[in-house]
Amino acid sequence: MLAGRFNLMFGLTSTVFAQLDIAQAPLSLSSGVAPNILLALDDSGSMDSEILLPTNDGALWWHTGRKSFVGLNGNDELETGAINVNKAGNANGTWKKYVYLFPNGSGVGNRVYDDSNNDHYAAAPLPEFAYLRSPDFNKAYFNPKDLYLPWPTVGDNRFSNIDASAAPSDPTRGNYVFDLTATIDSDRDGHRFMFFDGMSLPNGGSANRKVARKVEYFPATFYLLDPLPDDFAYTGATLSGTAPDGARLIGYEIKSANFSSTAAYAAMMKNFANWFSYYRKRHLAMRAGVAHSFFDVRKARVGEFTINRRADVEMQDLSSDSARNSLYRTLYSRGGN
C-alpha cells in the first residue's frame, strides 16, 4: 500500500509542489478559526531508497533462479519485459533487494543501510540497467523536463541552488558531498556495487558468485525513451542503454562539451544538482513536498510526528515566525530510520 502512495507522491515535481494552493481555513467554517493540521511523516528505512519502481516496496529485485531483474509480474507469473515485483516482498536466498544508485557508505546523511546478506544493495550504472537512471521507469530519478527548486528558505533554514562540484548527499544531515562534474571510481566499503551469479561485470564477462565491485561512472547521467528536445541544446554524443523489455534508451551526460552553449549546460547541471541534493531519495522529496506545500500557509496550526520514532506532537502556529521556523527546522531534520 505504501508503495502505491509513493508512486503518487513522487510523480509530482517541485514545480507542482510550488503551485499547490492549500486553503487557509476549513471551507465549512465561517468564523475564521485557524485549522489544526496533523502530518504523519514516514521515517522508515525504505524512505532512504533512490529507486521507485512499480514493485514491492518500490525496490529493484534480483531473482537468483531466473538470474534476472525482469520477467515476473505482480502474480509471480512470467511476463516478458515486466520488472520483477516480488509479491511476497521478502529479501532472502531467492530475492535480492536493490535500493541505491549512488553508494557513499553508511552514516548520518549517507546510506541508512550497509550491504546485508540479501538486501540494500546499489545497482551498477551499466547500460543493461539504464532504466534505473531513467524517469520513464524509476519515478524518483531526475527528469530534465521538470524544474527542481531548492527547499524554501524559512528563518534560519536557508537553502540555495546546489554547487554541482560539492553536492551534499543530504542538505541538513551529515557532511558527505559528491562532485557531480567528475567521474566516480571508488573501491571503498559501502561505495561498491553488488553483483550476483549471472550479472554482467563492468570489465566484461559475468559474475559466477556474489561479489562487490567498484564501477567507474559519471554521476550526472540520465536516460530517456524519447530523444531530448532540441531546446535543451544538447549536441554531444549520446549513450545507448536498455529498458526492461529490451528497448533502446538514449543516454545523456551533463558535460559542458555536450551542449552548444555554456548557459544551456549550466542550466541543466544546476537542475540535476538540485534534484540530487533535494529530491534524490524518498525522504528528501518528502521534505521538499511538505515544505513547498506549506510555504504560503499562515492561518493554520500544524504539528508533525514520525511513524517509527513517535513522540508527543507540538502544534506550531504558522502565523508566528518563530513557530513557523521551528516547524521547518524539525521537518528539514527528518530522514530514513
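Tutor: Happy to! Let's start with angle classes: angles under 35 degrees count as roughly parallel, over 145 as roughly antiparallel, 65 to 115 as roughly perpendicular and the rest as oblique. Axes are lines fitted to C-alpha atoms, for helices over the stretch in contact, and angles run from 0 to 180 degrees between N-to-C directions. Helices (H or I, at least four residues) and strands (E, at least two) are DSSP runs, numbered from the N terminus.

Student: Before the case itself, what should I know about the model?

Tutor: This is a predicted model, in which local features need pLDDT of at least 70 and side-chain atom pairs count only at pLDDT 80 or more, while totals for chains, interfaces and linings use all residues. Residues are numbered from 1 along each chain as its sequence is written, and side-chain values use heavy atoms, with hydrogens and water left out.

Student: At what angle do H3 and H4 pack?

Tutor: Two packed helices are described by the angle between their axes and the distance between the axes. Here the axes of H3 and H4 are 8 Å apart, at an angle of about 100 degrees. H3 and H4 are therefore roughly perpendicular to each other.

Student: Which residues of H3 and H4 meet?

Tutor: Contact means heavy atoms within 4.5 Å. On the H3 side the residues are Phe276, Ser277 and Tyr278, and they meet Leu284, Ala285 and Ala288 of H4. By class, this contact of H3 with H4 has 5 nonpolar, 1 polar and no charged residues. For the classes, Ala, Val, Leu, Ile, Met, Phe, Trp, Tyr, Cys and Pro count as nonpolar, Asp, Glu, Lys and Arg as charged, and the others, Gly among them, as polar.

Student: How do I check the length of a helix?

Tutor: The expected span is 1.5 Å times one less than the number of residues. H3 (residues 262–278) has 17 residues and reaches 24 Å from its first C-alpha to its last, close to the 24 Å expected. For the 12 residues of H4 (residues 282–293), the span should be 16 Å, and the end C-alpha atoms are 16 Å apart, which agrees. H5 also has 12 residues and reaches 16 Å, close to the 16 Å expected.

Student: How many residues of H3 are buried?

Tutor: Buried means under 20% relative accessible area, exposed over 50%, partly exposed in between (1.4 Å probe, protein chains only). H3 is mostly covered, with 12 of its 17 residues buried; among them are Met268, Phe272 and Trp275. The buried residues of H3 pack against strands S7 (167–168), S8 (177–178) and S11 (221–224), and against H4. H4 is mostly covered too: 12 of its 12 residues are buried.

Student: How do H4 and H5 cross?

Tutor: The axes of H4 and H5 (residues 321–332) come within 10 Å and cross at roughly 165 degrees. H4 and H5 are therefore roughly antiparallel to each other. Arg287, Val290 and Ala291 in H4 meet Tyr328, Leu331 and Tyr332 in H5. That contact of H4 with H5 has 5 nonpolar, no polar and 1 charged residues.

Student: What covers the buried residues of H5?

Tutor: The cover includes strand S1 (36–41), H4, strand S14 (301–306) and strand S15 (316–317). Among the buried residues of H5 are Ala323, Leu327 and Tyr328.
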